[in-house]
Amino acid sequence: MNSQNEMASHYDAGQQSFTTEQSFSTGDILWAVGIWSVILTLSPVIVFYMLMVA
């Protein structure tokens with residue numbers, strides 16, 4: 001009986017992780033927005049630096 005409970009708990013954990021991978025959480029969206037804001041903020045600085053050095 002213990003092995004059946006372990007199998008059920010593993011199956012439930014697998015199902016839960018599979019369903020959570022299908023949608024983005026708020027943390028994922030905030031992380032992506034943060035990364036893109038850093039990239040878009042620094043890109044003019046990098047382009048200006050490359051123009052000055054080249």
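This is a predicted model: local features need pLDDT of at least 70, side-chain atom pairs count only at pLDDT 80 or more; totals for chains, interfaces and linings use all residues.
Residues are numbered from 1 along each chain as its sequence is written, and side-chain values use heavy atoms, with hydrogens and water left out.

The protein has two helices and zero strands, where helices (H or I, at least four residues) and strands (E, at least two) are DSSP runs numbered from the N terminus. Of the 54 residues in the protein, 0% are buried, a term for under 20% relative accessible area, with exposed over 50% and partly exposed in between (1.4 Å probe, protein chains only).

The count of buried residues among the 28 residues of H2 is likewise zero. A kink of about 30 degrees lies in H2 at Leu-42, shortly before the proline Pro-44, the bend being the angle between axes fitted to the seven residues ending at a residue and the seven starting there. Val-45 lies in H2 as well (residues 26-53), and Val-45 counts as exposed because its relative accessibility is 52%.
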